[in-house]
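Q: I would like a close look at one part of this model, with its surroundings described in one connected account.

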Amino acid sequence: MSAVAEAAGVSKWYGEVLGLNAFTASFGTGITGLVGPNGAGKSTLFKLLIGQLHANQGTLQLLGENPWNNVPMMRRLGYCPEHNQMYGWLSGQQFVEALLRLDGMPAAKASKEASAALKVVGLSGAAHRPTRTYSRGMRQRAKLAQALAHDPEVLILDEPLSGADPMARVQILRTIADFAKDGGHVLMSTHVLYEIERITNNIVLIHNGKAIASGDIHAIRALIDEHPHAVRFETSQPRQLAQALARMDHVVSLEVPAEDTLVIRTRKPDAFYKELPGIVADTKLEVRGLESPDDSLEAVFRYLVG
Amino acid sequence: MGVTESARRLWVVTSLTLRYLLGTRRVIAMLLLSAIPFILALSLAAGRVSAFNIDLFQRLMIPLFLQVVLIFVTLVNATTLIREEIEDNTLPYLLTRPISKPAVVLYKYIGYLVAVLVLLVPPIVLAYGVTEAYQGTTLATDLDVLGGFLVATLIGSAAYGAVFLFVSVLVRKPLAVGLLFGFVWESIVGSIPGDVPKLSVIHYLKSILQGMIAVGPMTTYGSDISAGIAVLILVGFSVAMIVLAMMLFQQMEFRQKA
């Protein structure tokens, strides 16, 4: 297979708003990251790839097929939406099991496969809790579990790390990497380049609905390193967490904009993300979630598009 | 796709629909509303109202149950079937499985029908039981009345549900349009003399009652069709509405809500 997904001159507009603008790119085998700031068109592209939107112009193929209203193709696809809404009254086990039964799986097999998928994402302990009680990180993992439980050929993951706590991030990235190692293909969107960099070098940069660059991630790394990378923490102990993180020599600023928020900026995001889980585990500080405001990436994109 | 796999999908989607309609807190309001016929019958019996008999039961239940409770319960439940999934961003989970969009509509409608019948049938049966007990007759005395109301409830739930489901696929704010249809169109068109009431669902529901009940206010309604024909017309109308909803849904696009 040469390309998992291909888009040629794809445009999509919502009334007068342009979602994608003559987007042309090819997504190869293995893991490919779709990187761009919020509003760049990542979710629109993924909605087109899973057949929930219809392109106004251009041609789009996933696994060699047109995805629009393509019911049989859904067996080959696993999708993790950006939003965290789920059927809150279902437990994680019931949620994954119900969706597996929609694949036509018998009840006993669906139950077994759902348990296995929840174990893979590290949610076995919470499998029988209603999903409305899950944290953001747990929801991300439950969404990933339902996406991969039926053993699809390709996973389409829309911001799968958004809002997840450090431990959940490690688990999610490990699961994605293992899926790809076993021969699966992954298209994953993010507005944080460093997240995707840990599992692949193949990226497609998207900005204002256009693919502006694609290929090896290292070519733009130097450029990105010139812009301090911001990370926003959701925590009940922002000052204590700031003290712990200030020990990293690459952290250039710390800010507590609200009683439950800490924002830090670092010049070495890869080192930061590598060291973070250890620091949080050692200090036992509560981190409910973290995300990267995309202003640092936005600066890079502004540079790239002139 | 095999029959077994389709049956599994039907079971999952209808189960999810039933759990949503009957298993979440919203059901409390629906239960209270559906219980109005029973509460009214109990109140009349407790108040020892001398005129309370099967004739008064019919006179009260037609405007109260058929024209208010039935319409409101079907409206609230049918309009949430698809629209809530869209608003809650849960639809992608269903639509990224090997199940067609028209099948989702159909299976959800079946789940809706079961849910509203669970809500609407027991109160009307209990109200009938209270009436028979109060007038000192056995439960079998006026079975034609009970049968007429049960058929009208079943067919009315199917017809109104199909209209409201279609409206919910068609417009973003289906409740307002549904209210206009259920309470303005049905009331006004249904009460105009001549052939105009034939454009309303309530006309055919009243025709069912007229055809099935031997004695009571509906015997003089003046419909020129039998109960069987009225049932066929409403079933055909429901099928047409569902097919339209399925066709419309098949062409719909789903942009994630912000």
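Q: Into which domains is chain A divided, and what can be said in detail about domain 1?

A: The model is predicted. Chain A is divided into domain 1, made of 5-88 + 148-216, and domain 2, made of 222-304. Taken over C-alpha atoms, the centres of domain 1 of chain A and domain 2 of chain A are separated by 25 Å. To their contact, domain 1 of chain A gives 18 residues and domain 2 of chain A gives 19 residues. On the side of domain 1 of chain A that touches domain 2 of chain A, at least two residues each come from α5 (166-181), α6 (193-197), β8 (202-207) and β9 (210-216) of chain A. By class, the residues of this side of domain 1 of chain A are 11 nonpolar, five polar and two charged.

Next, the sheet. Chain A has an open sheet of six strands, ordered β5-β6-β7-β3-β8-β9, with mixed pairing. The edges are held by β5 (77-80) and β9 of chain A; each has a single partner strand, so one side of each is left without a neighbour in the sheet. From one strand to the next, the twist averages 15°. Within the sheet, strand β3 (residues 31-35) of chain A pairs with strand β7 (residues 185-190) of chain A in the parallel sense, over five bridges. A:Thr32 has A:Leu187 in β7(A) as its bridge partner.

Two helices lie across strands of this sheet. Helix α1 (residues 42-49) of chain A lies across β3, β6 (154-158), β7 and β8 of chain A, and runs at about 150° to β6(A). Helix α4 (residues 136-148) of chain A lies across β5 and β6 of chain A, and its direction is at about 170° to that of β5(A).

Some of these elements also take part in the contact between the chains. That contact takes 28 residues from chain A and 25 residues from chain B. Helix α1, strand β5 and helix α2 (92-102) of chain A each supply at least two residues of the side of chain A that touches chain B. Of these, α2(A) gives the largest share of that side, four residues. The side of chain A that touches chain B has 15 nonpolar, eight polar and five charged residues.

Taken by element, β5 of chain A stands at an edge of the sheet and supplies at least two residues of the side that touches chain B. At the other end of the strand order, β9 of chain A supplies at least two residues of the side of domain 1 of chain A that touches domain 2 of chain A.

Technical notes:
Residues numbered from 1 in each chain as written. Chains lettered and ligands numbered in written order. Predicted model: local features only at pLDDT ≥ 70, side-chain atom pairs only at ≥ 80, totals over all residues. Domains from an automatic or database assignment. Contact = placed C-beta atoms within 7 Å. Nonpolar A, V, L, I, M, F, W, Y, C, P; charged D, E, K, R; others polar. Pairing = 2+ DSSP bridges. Axes fitted to C-alpha atoms, helices over the stretch in contact; angles between N-to-C directions.
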